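Let's take a walk through this structure, one piece at a time. Have the sequence and the model open as you read.

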Amino acid sequence: MKKKRIVHFSLRMVCLTLLFSAPVHSFAQIPDKGYDVIAYNATVKLDRQTDSLWGRVTMMARATSDLTDILQHAKYLTIDSVRVNLSREISFGSIDTASGAYHLLVNSIPANQIFTVTTFYHGRGTPEQYGSLPWGGVTDEDSMMFAMGVGFYAPYTGCTRHWLPCYDLPDDKADSVDLTFICHDGDITASNGLLISSTTSNGWRTMHWHEAYPIATYLLTFATGPFTEQTITNQLGKPFEVYSLGRDSLLVAAEMTGRVAEILHFYDSLFAPYPFEKVGYVVTPFGSMEHQTMISLDKRVLGGNPATDVSDNSTVAIHELSHMWWGDRVTCKTFDDAWLNEGFARFCESLSLEHLFGRAAYLTRQHSNIAGAKTSVLPLFGAPTVDHHNSNYPYETIYQKGAAVLGMLRQYLGDSIFFTSVRYYGNQHAYATATSADLEAAFEQVSGQNLSWFFNEWVFGRGYPQDTVTWMKIPNGAILTFRQRLDTLAKSYFRAPILIHFALKNGQSADKVIWMDSTQTSSTTIQLGFEPDTVKLDPEGLLLIRTAKITEQSQSSVPIESLQDKTFHVYPNPDRSGELLYSFQSPIAGEIHLLLYTEAGQQVREWIRMNMNGSLSLDGIASGTYRLAVRTASGKNFSVPVSIQR
């Protein structure tokens, strides 16, 4: 291991440097830190009157390689002392003053040895100092002091480091956490897991919370204030606790009993049994966040009628609840995959509305997601770092596009395969971390399909198809032609299965899935058993695709000038690729010359036929858009457009 440069500052001066340094933006990387966190045990004293905190935290970990330094994170905190295995105080090595990452230098910790790092510290409750609206970190407002686990603009994203020195990246979950908070005896401190004890002495209240399930540090939280506590009855029989200021208690009770308890049961039956020891909410002045078993819920989203409301505000509480499965039970390995948390949660809002109000409510919310996704300029994977952390959670991308993409995958695979895949993904990575590649592998395992084309286009790529679609009637069917305009953000044309609805005026209809190929122009012949009057692309509007109104091609039946009621048809041979079929509805005397031209007017092939019906071989002719000129013995000439897809 490369030797670290020792920095000769006092520990207190190091922390002052962390406070005032400018941000550094870099691509998210998982450090090879050389250890695996087992547990945190912390005692934190909170004084919301002075917005101050004092703490002691012990991290227990197992070395996964020989260690000479230990990576930790602390931001806006003063470190008073640090001890490893209760030895003497130790020195700091390399320091990233923007993120608060620092290295503790140790003599040697051999691989597989369990060790402890005990840190004594103090500071003021501080939110993130980036962007126009501080959000993550610690805030003191509206008679409460509370922590939000992530920042929208902080270049390091995870903000538990604002109140707890720890390893503050999501790839390494602690197996368990004990948090003991000391607050004024008129206050209650809500936190993760189950409350083990609560005692008061000399004007202070001490509350010990124990989280028994694996947890990423950004999902740790506390909120302290003069709360009212409510217990919510639910079908699962789970402990369900809600903390709020008294004036908000009726509104939050209505939300929890009127909607959240029902959706808790719905998620439990759809995805997996509820994965943690309790359901918890604390109502905050602003911001909603999926802290494990103690969700922060913005008080401004309360007040709607749970029986009728389908607005975005009405689904915030159940959005955060869904994170217990998607984000907390299965956690993104890095924040470059934050869409695995937020795209799933936004899609769960649509599923919940479908469960409560029917298919139309699902479609309305998915249409909203698709509209937002069309404004996205970022890929799902890597969105925050590609955008240089202008936002760690770009809404139109990782929320709306994420939900739209999951909806398309549901439509393509069907409910049975889709939800079986989702459950398989959840079980494979339960209480651990996952990546976009892991999600792809889960869907491929269950479906038996290679879905790299889908994930390359929609997860790792940018943009979406921009189409013009035309169709023409043929005997007992139709020909559809897709002409893509290359999206300025995309590197290539898109391949996509598209549901098409064909209908007759008498009510006869058929639905077919047609593949739009990843070329500029693709054409497909569909045998229906009837000639349709209308064709509708994507009838439920669930595709992230921009298309002009689908139009009937005017040249589908081209009159020959000198003959009354005589028409000519040309279309791909449905039984043999690489051939065109042509036909005249009335006899044609003499030779028929058929000449194929490029759109630029260059002749590429000529066929001479004596029959009014026949085939034309396309061997050696590239895919593209052409014109087929027809010359008859009578001297009357005409041409029709032809789309060739090989």
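We'll look at a pair of helices, then at a sheet.

Keep in mind that this is a predicted model, where local features need pLDDT of at least 70, side-chain atom pairs count only at pLDDT 80 or more, and totals for chains, interfaces and linings use all residues. Residues are numbered from 1 along each chain as its sequence is written, and side-chain values use heavy atoms, leaving out hydrogens and water.

Start with helix α4 (residues 339-357) and helix α7 (residues 395-413), which pack at about 60 degrees with their axes 7 Å apart. Helices here are DSSP runs of H or I with at least four residues, strands are runs of E with at least two, and both are numbered from the N terminus. Axes are lines fitted to C-alpha atoms, for helices over the stretch in contact, and angles run from 0 to 180 degrees between N-to-C directions. That angle is why α4 and α7 are oblique to each other (under 35 degrees is roughly parallel, over 145 roughly antiparallel, 65 to 115 roughly perpendicular, and the rest oblique).

Which residues of α4 meet α7? They are W339, E342, G343, F344, R346, F347, L351 and E354, with contact meaning heavy atoms within 4.5 Å.

Now for the sheet: four strands line up as β8-β9-β14-β11, open and antiparallel. Its edge strands, β8 (137-141) and β11 (188-191), each pair on one side only; two strands pair if DSSP finds at least two bridges between them. β8 and β9 (residues 144-148) pair over five bridges, and V138 has A147 in β9 as its bridge partner.
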